[in-house]
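Dear colleague,

Please find the structure below, followed by my notes on how two of its parts are packed together. I have put each cut-off beside the term it belongs to.

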Amino acid sequence: MKLSQRITNITGGGSDGWDVFYKARRMIAKGVDVTELTIGEHDIRTDPVILAAMDQSARGGHTGYAMVPGTQEMREAVAARLTERTGVPTSYENILITPGGQSALFAAHVATCSPGDRALYIDPYYATYPGTIRGVGAEPVPIRTHAANAFKPKAEEIAVEATKGAASLLVNTPNNPTGTVYGRDTLNGIAQVCKEHDLWLISDEVYDTQVWEGEHISPRSLPDMAERTLVVGSMSKSHAMTGSRIGWIAAPKEVITHLINLATHTTYGVPGFIQDAAVFALAQGEELEAEIAAPFERRRDIAKDILANQNTVGLVPAQGAMYIMLDVRATGLSGEAFANSLLDTHNIATMPGESFGHSAHGHIRVAMTVDDKRFKSALQTLVDHAEHLAA
Ligand SMILES: Cc1ncc(COP(=O)(O)O)c(C=O)c1O
């Protein structure tokens with residue numbers, strides 16, 4: 001039987017650069033003690049107080065169908081958070097609650113792209129972006145960025161592709177995989193291109209609580225941008241709730257009305273007890289979020305100290321998120337070859353920059369997701385290995 005082109009085309013075919021990751025998983029399955037610096041999963045679990053709220057809600061009977069757009073309480077909690085943190089007046093009608101940020105990314109592209117439309121995104125990128133775009137039948141168009149500019153996009157380079165016609169532009173700050181945070185100038189440039197070329201802006205802000213330098217600016221808050229921006233949010237990273245699958249889209253009311261129709265025909269909403277736990281978690285405010293984010297800033301500083309004492313491995317300025325991007329070009333190896341050799345010789349698993357597109361070749365992404373002591377030792381080994389290769 002023939003499957004649809006849309007579903008068979010999601011991965012786009014070819015190598016996706018995740019071979020090192022799968023190799024590490026096979027080694028772990030065989031009992032090898034691998035230091036995993038690969039995926040964006042905290043080394044802590046969801047806080048017990050959040051679980052208690054989940055338990056109380058479920059036992060209290062909130063296990064039936066929840067309202068498809070999200071519970072009133074959850075939509076209002078997210079709206080209040082966005083109003084307070086971005087200054088953009090936001091009501092519950094601007095919010096759809098989704099099963100995580102990934103489903104929000106998919107829904108946002110369904111809402112903005114028709115089959116065959118070109119959908120722009122910034123390279124290097126979070127691994128699912130091109131597949132998400134292909135999944136809605138649109139054509140993924142990467143916009144290359146440059147290590148020398150800390151992988152921040154340049155408005156004029158986005159404009160080159162926008163001029164050829166496009167429906168949307170997807171950006172992500174704080175950024176996975178690079179750890180960079182877009183400043184006001186970068187975002188103003190992006191906003192200008194969106195307005196000039198009538199693009200929807202899809203702004204992935206799932207790392208908005210993890211900023212070590214500068215500030216998180218939501219492009220939805222820039223002049224005349226709220227009407228053309230869909231913000232993707234999630235509690236995965238901010239509250240270590242990756243497995244709870246809860247996130248949201250913030251968008252103009254009309255967009256949300258259509259997205260509710262999509263949710264009715266796809267997810268049919270998010271479990272009520274998860275939403276109640278999320279409302280509880282959001283009510284804990286910035287203190288809990290800061291506590292969850294703190295290890296990544298600490299480890300970023302550990303990395304900075306180790307890298308300050310050598311000249312072989314370069315650190316892309318890491319201002320946020322749970323990753324650092326390291327330039328290993330001085331070893332003469334590609335990111336993929338370096339990651340493979342580090343895994344083979346020292347049982348340390350990292351992600352090749354090539355897993356995230358073309359712009360980050362010769363780099364590796366290090367997820368700062370093991371305890372400080374292990375992180376420090378792994379990073380020192382990584383540097384020693386790079387120096388050995390470069391020599
Ligand atoms: C940039 C980015 N966006 C979205 C997601 C999706 O997160 P979730 O679906 O867990 O909310 C991730 C997860 O790693 C991510 O790194």
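A crossing is called left-handed if the near helix is turned anticlockwise from the far one by less than a right angle, and right-handed if clockwise; helices are DSSP runs (H or I, at least four residues) numbered from the N terminus. This is a predicted model, in which local features need pLDDT of at least 70 and side-chain atom pairs count only at pLDDT 80 or more, while totals for chains, interfaces and linings use all residues. Residues are numbered from 1 along each chain as its sequence is written, and side-chain values use heavy atoms, with hydrogens and water left out.

By that convention, helix 7 passes helix 8 in a right-handed crossing. Where the two meet, Ala155, Ile158, Ala159 and Ala162 of helix 7 are in contact with Gly189, Ile190 and Val193 of helix 8 (contact means heavy atoms within 4.5 Å). The residues of this contact comprise six nonpolar, one polar and no charged, where Ala, Val, Leu, Ile, Met, Phe, Trp, Tyr, Cys and Pro count as nonpolar, Asp, Glu, Lys and Arg as charged, and the others, Gly among them, as polar.

On the larger scale, the domain assignment, which is automatic or from a database, gives domain 1 (5-45 + 287-390) and domain 2 (63-285). Their contact takes 37 residues from domain 1 and 41 residues from domain 2, and the C-alpha centres of the two domains lie 25 Å apart. Between them they bury about 3,300 Å², 54% of it on carbon and sulfur atoms, buried area being the accessible area (1.4 Å probe) that two parts lose on being put together, summed over both.

Best wishes
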